[in-house]
Amino acid sequence: MITSQDTDEIRGWLTGRLPEGLYASPVEVTVDREEICIVGSIPEPAGLAKDATPAERDAALDGRIAEFRERTRKERMAVARAAERRYRRKVSWGAECGGRREIFTNVSAPVMTRLRQPQRQVLDTLIAAGVARSRSEALGWCVRLVESHADDWLRELRDSLEHVRHVRAQGPDQPADPAPADGAPAGGPAQDAEDGA
C-alpha cells in the first residue's frame, strides 16, 4: 500500500513541477502502485448565460473541459513523462469544471483473484440479471459498490494501516535515542558495565 508520506512527496513534486496557472486551484493527487491521477479545477465558461438551460450548461461544461484537455496536452505530457521516469507509475489526468468531473485517461489494471463457489455465484447472478457481461465486469461492479458505500470505513482502515506502518518503523532495528538532556548516559546496563570497567 502507498503511504501518506509517498503521496505527500509526489504531491509536493507535482506542485513544483506543474506549470503555473495550469489549473485554477490546487490539484488533487491520488496514488496507487500503478498510477498517479492528477485532477484540478478549471474556470467555468465566462460566456454562459445565468439563465442557461441545464442542457446548455452541461454542453458548455463539456466543451470547456474538452478545450482544456486539447490546449494543455503538450504541457501535461511533459510533466507526465518526467513523473513516470521519477516514480515508475503511469500518470492520468482529469479536470473539474462547474461540478462536472472528467478523467481523461485511466489505467485499467488487471487484478487476479480466486473465488469460492458462493462468491462465484454472486458474480454469476449479476451476469444473469444483466448488470454485468462477464465475471470480471461483475467483480469490478462489486468493488465500485463497496467503494461508494464504505468511504468512511475504508478511510478508517487506511488510517489504521498508516498507524501500524509508523509503529513498525519504530521497531528494535532503529538507532537508539540520544543521551538524556540531564547529562546521564544513554543506554541500559550494558553501557553502565563498560563505563565501570
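Mentor: In what follows, Ala, Val, Leu, Ile, Met, Phe, Trp, Tyr, Cys and Pro count as nonpolar, Asp, Glu, Lys and Arg as charged, and the others, Gly among them, as polar. The model is predicted: local features need pLDDT of at least 70 and side-chain atom pairs pLDDT 80 or more, while totals for chains, interfaces and linings use all residues. Residues are numbered from 1 along each chain as its sequence is written, and side-chain values use heavy atoms, with hydrogens and water left out.

Trainee: In what order do the elements of the protein run from the N terminus on?

Mentor: Helices (H or I, at least four residues) and strands (E, at least two) are DSSP runs, numbered from the N terminus. The protein has seven helices and four strands. From the N terminus on, their order is α-β-β-α-α-β-β-α-α-α-α.

Trainee: What share of the contacts with a separation of 6 or more joins residues 24 or more positions apart?

Mentor: A contact means heavy atoms within 4.5 Å. Among contacts in the protein with a separation of 6 or more, the share from residues 24 or more positions apart is 53%.

Trainee: Which element gives the largest share of the lining of the largest pocket?

Mentor: A pocket is an open set of points on a 1 Å grid over the protein atoms alone, where a 1.4 Å probe fits and protein lies on both sides within 12 Å along at least five of seven lines; lining residues have an atom within 4 Å of a point. The largest pocket has a volume of about 2100 Å³, a volume being the space filled by probe spheres set on points joined across faces, edges and corners. Of its 40 lining residues, Asp32, Glu34, Val143, Glu147 and Arg158 are the closest to its centre. Helix 1 (4-17), strand 1 (28-31), strand 2 (35-41), helix 4 (117-128), helix 5 (135-149) and helix 6 (151-169) each give two or more residues to the lining, and the largest share, nine residues, comes from helix 5.

Trainee: How many residues of the lining of the largest pocket are charged?

Mentor: The lining includes 17 nonpolar and nine polar residues. The number of charged residues in it is 14.

Trainee: How many charged residues belong to the lining of the second largest pocket?

Mentor: This pocket has a volume of about 210 Å³. Its lining includes Arg11, Leu14, Glu20, Tyr23 and Val27. Seven of the lining residues are nonpolar and three are polar, and the number that are charged is two.

Trainee: Is Cys97 buried or exposed?

Mentor: Buried means under 20% relative accessible area, exposed over 50%, and partly exposed in between (1.4 Å probe, protein chains only). Cys37, at 10%, counts as buried. With a relative accessible area of 0%, Cys97 is likewise buried.

Trainee: How many disulfides does a search of the whole structure find?

Mentor: A disulfide is a pair of cysteine sulfur atoms within 2.5 Å. Over the whole structure, the number found is zero.

Trainee: Is Arg88, with its positive phi, buried or exposed?

Mentor: Arg88 is found in the loop between helix 3 and strand 3. Its phi is near 55 degrees, a positive value in a residue other than glycine. Because its relative accessible area is 71%, Arg88 is exposed.

Trainee: How far apart are the C-alpha atoms of Ala24 and Glu96?

Mentor: Ala24 is found in the loop between helix 1 and strand 1, and at 56% relative accessibility it counts as exposed. Not counting residues up to four places away in sequence, Ala24 touches Ser41, Ile42 and Pro43. Ala24 and Glu96 are 72 residues apart in sequence, and their C-alpha to C-alpha distance is 9.9 Å.

Trainee: How far apart are the C-alpha atoms of Thr30 and Ser92?

Mentor: Thr30 lies in strand 1 and is partly exposed, with a relative accessible area of 41%. Beyond four places in sequence, Thr30 touches Glu35, Ile36 and Cys37. Thr30 and Ser92 are 62 residues apart along the chain, and their C-alpha atoms are separated by 9.8 Å.
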